[in-house]
Amino acid sequence: MKQRAYFFGVLGLIGLCGGAVALGDLDPNVNLDSARQIRADVLRNVDELGLHATRIPAHKEMELGDQIAGEIRRWGPVDPDATRYVNAVGQGILGNVNRKAIRYHFHVIQSPQINAFAIPGGHVYVLTGLLEFLQSEAELAAILGHEISHVDLRHCVERYQYQLALEKVGAGDLASVAGLAHGLVAIGYSQGRNLRRTLRESGWRSKRGTIRTRQWRCSIE
Amino acid sequence: MFALTLGWLVLPAPIVALAWAATSLILLELGFTFSLPRFRAMSNGVAVLVIARLFLANFTDLGNTLHISHRLFTVVPVIVSEYYVWWRCRQASVDQWERTWARLYLYAPAVLSVALIRFELGRSIAVIGCPLLELALYRFGWRRELVDLRWQSYAIALLAGWRCRSTNFYIPESLMGISGRLLAGAIVVACFYRAQLISPRDSQGSGTIGRIDRHARTFYALLAALLLAVLLYYQVSGGMLTVAWGMEGLALLGAGFPLRDRVQRLSRLFLFLMCVLKLFLSDLRQLETVHRIISFVVLGVILVSVSWVYTRFHDRILRYL
C-alpha cells in the first residue's frame, strides 16, 4: 500500500512538473553545452593545479618579459611622447594590482593598427592606431586596466610556464609541444578567464570615469 | 521503444526526460507487480537514457515558469524518482545483480544534484551549494546507516574544497555585497566543521569502508583547517599572514579543548610549526620592518601564551586529552 502511494506520488510529481514546464517559456535547444561546460570546468581546475606547480617567481617573469620586449622592439619605432603620456595614465591605475613585485612598463609603438597587448613581466604595449581611435583618457585607462589584469592574473606568463618548467628539467625539445598542448587545453575555458579579467577591470575602470563599453571592447585584443 | 520515441517526437524538448522517467517508473512497477525481470531491466535502460537526456536538453535549459527555471522543474522530479527506484528495489526481493545495480540509483541523484547546483547557481556560486548537499548526504548517511551516501559526501566534500580553492579563491567578485572569496570560503569551511561535529567518535565499522568512516572526523577537520589556512593566505596581505595563521592556530586550540578533539589540537600544532618556519625562512627576508616586528611579537605572544596555558593548567588539560 505504502509502495503504491509512493509510486503514484512520484508519478504525480513528474506529471505536475511536466505540466508546469509546458505552461512556461520553452527552450527547444538540445545540444552538448552542459557537457562542454563541465569539461571546461574540469580542464580549468586540472590546469590550475599544473600552473600552480610550475609557477615562476616575479623576478624570473620579469626577466622573461625583458627578453620578449627585446624582440618586440624590432617591430617598429617607439613614440616617446605618447609613451610618457600612456605611462602616466598606466601608473595611475597600478594601485589595485595584487602582484606588487611586478614593475610595469608602458610602451607605445608606431603602427596604424588598433590594438594593445601585454607580455609577461609587466610590459604593456599600445599601438598609435589605438591612441588615435580613443576619445578620452578614461577609454585609455580601461584598455590599460584590461592589459594590466592579464599580467596581474598571470594570463601572460601562464602561456610559458610549462615550457619553462620542461626546459628547467632538461626536456627543452618537449617545451614547444607542451606550450601548444596547453594552448589547446586553455581554449576550452578561456571564456571564464575573460569573465574573471572583466570583473577585475571593472573595479579599476570605475576609478577613471565612465567609458563607452562598445568602443573599448572592439578595440582591444 | 514506441513510448520513448513517441515522447521524443511529440513532446517539447524539456519535457521528454520527464516522460521517459515516467515510462521508466511504470516499467519498473510492472516488473515488480508481475515479476517480470525484463521489464525491470528495460526500466534500468530507460533510466540511463533519462540521465543522458537531462544533460542534452535540461541542464542548459533557459526556459522558466513563474520565474522558476525549467531546470529545477525537470531535474528535481528525476532525482526524486531515482531515490524512489532505489528504495523500491531495496524493499523487493531481487537478484544480487539487481541489488548491485540498484545502488547506482543512489549515486545517480548525487551526480544530478551536483550538476543541477552547478548550472542553477552558476560556476562561481555552485561551490556554496555543494557543501550543503554534502552535509545533508552525510547526516542522512549516518542516520539511515547508508554507507553509499557517506561515500558521496566525502567525494563532494573533496570536490567542494578543491573548487573553492581553484575557482572561488581566485575570482575577484562579490556575492550579495560580501567578498565572494570570503563568503564561499566561510560557508564551505563551516559545512566541513559541521560535518566533523556530527561524525561519531567511535565508529565501529570494519573493512575498508569502516576504516574510512573511522577517519571521517579527521578528514573533515583537516579539510576545514587546510581550506581556512588557504583562505587566509588569499584574504590577508602577505605582511600579516603569519599573524593570521597564528590566530587560526589559537582558535583551533580554543575549539579543540572543549570539543575534546585531538585532530584540531594537532592541526593547531602543525599551523604553529608552519608559522615559525615561515617566520624564519620567508618573513625575515621578505617582509617590511613593521610587519616583521608585528609578526614576531604576535607569534611570540601566542606561543608563550599557549605554553603557559599548557603548564599552568596541566592537570585540567589532561582531563580533556
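I took helices (H or I, at least four residues) and strands (E, at least two) as DSSP runs, numbered from the N terminus. This is a predicted model, so I noted that local features need pLDDT of at least 70, side-chain atom pairs count only at pLDDT 80 or more, and totals for chains, interfaces and linings use all residues. Residues are numbered from 1 along each chain as its sequence is written, chains are lettered from A and ligands numbered from 1 in the order in which they are written, and side-chain values use heavy atoms, with hydrogens and water left out.

**Loops of chain B**

I looked up Glu145(B) and placed it in the loop between helix 6 (126-143) and helix 7 (147-166) of chain B. Its phi is near 55 degrees, a positive value in a residue other than glycine. Is Glu145(B) buried or exposed? Glu145(B) counts as exposed, at 56% relative accessibility; the cut-offs are under 20% relative accessible area for buried, over 50% for exposed, and partly exposed in between (1.4 Å probe, protein chains only).

Next I turned to Leu66(B), in the loop between strand 1 (64-65) and strand 2 (68-69) of chain B. Leu66(B) is not a glycine, yet has a positive phi, near 50 degrees. Leu66(B) is exposed too, with a relative accessible area of 76%.

**Helix 4 of chain B**

I checked the length of helix 4 (residues 70-91): its 22 residues should span 32 Å, and the end C-alpha atoms are 32 Å apart, which agrees. The expected span is 1.5 Å times one less than the number of residues. Helix 4 of chain B is mostly covered, with 16 of its 22 residues buried.
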